[in-house]
Amino acid sequence: MKVSEALEIDNEEGLSILEKVFPEIKDLMPIASNTTLRSHMTSGWFISLEKMVKKI
């Protein structure tokens with residue numbers, strides 16, 4: 001985990017800190033949608049999206 005690396009602690013301790021600071025993180029559920037955030041698009045995404053569109 002990047003948090004653990006940045007703080008120079010082990011992953012378990014990093015997760016414990018995240019859960020204390022953001023207790024709602026345990027309740028996060030993935031929600032499917034048809035939209036893609038531009039911030040999540042890399043050049044590799046365009047190849048994947050193209051193949052997905054061709055399957056529809």
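At 35% relative accessibility, glycine 44 counts as partly exposed, because its value falls between the 20% under which a residue is called buried and the 50% over which a residue is called exposed. In this predicted model, glycine 44 belongs to helix H3, which covers residues 43-55. Its C-alpha atom lies 27 Å from that of serine 4, a residue 40 positions away in the sequence. A second pair that is separated along the chain consists of asparagine 11 and methionine 52, which stand 41 residues apart and whose C-alpha atoms are separated by 35 Å. Asparagine 11 itself is part of helix H2 and, with a relative accessible area of 43%, is classed as partly exposed.

The overall architecture gives these distances their setting. The secondary structure consists of 3 helices and 0 strands, and the order of elements, read from the N terminus, is α-α-α. For 56 residues the globule rule gives a radius of gyration of 10 Å, whereas the chain has a value of 17 Å, well over that figure, so the chain is more spread out than a compact globule. Burial was examined next: 7% of the 56 residues count as buried, and the chain exposes about 5,500 Å², of which carbon and sulfur atoms supply 61%.

Part of the surface is organised as a nonpolar patch of about 600 Å², to which Val3, Leu7, Ile17, Val21, Phe22, Ile25 and Leu28 contribute. Two elements give two or more residues to this patch, namely helix H1, which spans residues 2-7, and helix H2, which spans residues 11-21. One of the contributing residues, isoleucine 17, is located in helix H2. Isoleucine 17 counts as partly exposed because its relative accessibility of 34% lies between the cut-offs of 20% and 50%.

Side chains of opposite charge can pair when their charged atoms come close. The structure holds 1 salt bridge, and the residues that form it are lysine 54 and glutamate 50, whose closest N and O atoms are 3.5 Å apart. This pair qualifies as a salt bridge because the separation of 3.5 Å falls within the limit of 4 Å. Both partners lie in helix H3, where they are 4 residues apart, a spacing of about one turn of the helix. The two partners fall into separate accessibility classes: lysine 54 is exposed, with a relative accessible area of 65%, whereas glutamate 50, at 44%, is partly exposed.

How values were computed: Residues are numbered from 1 along each chain as its sequence is written. This is a predicted model: local features need pLDDT of at least 70, side-chain atom pairs count only at pLDDT 80 or more; totals for chains, interfaces and linings use all residues. Side-chain values use heavy atoms; hydrogens and water are left out. Patches are made of residues with over 30% relative accessible area and no salt bridge: like charges are joined within 9 Å, nonpolar side chains (Val, Leu, Ile, Met, Phe, Trp, Tyr) within 5 Å. Accessible areas come from the Shrake-Rupley method with a 1.4 Å probe; for residues, only the protein chains shown count as cover. A salt bridge is a side-chain nitrogen of Lys or Arg within 4 Å of a carboxyl oxygen of Asp or Glu. Buried means under 20% relative accessible area, exposed over 50%, partly exposed in between (1.4 Å probe, protein chains only). The radius of gyration is taken over C-alpha atoms; the globule rule is 2.2 Å times the number of residues to the power 0.38.
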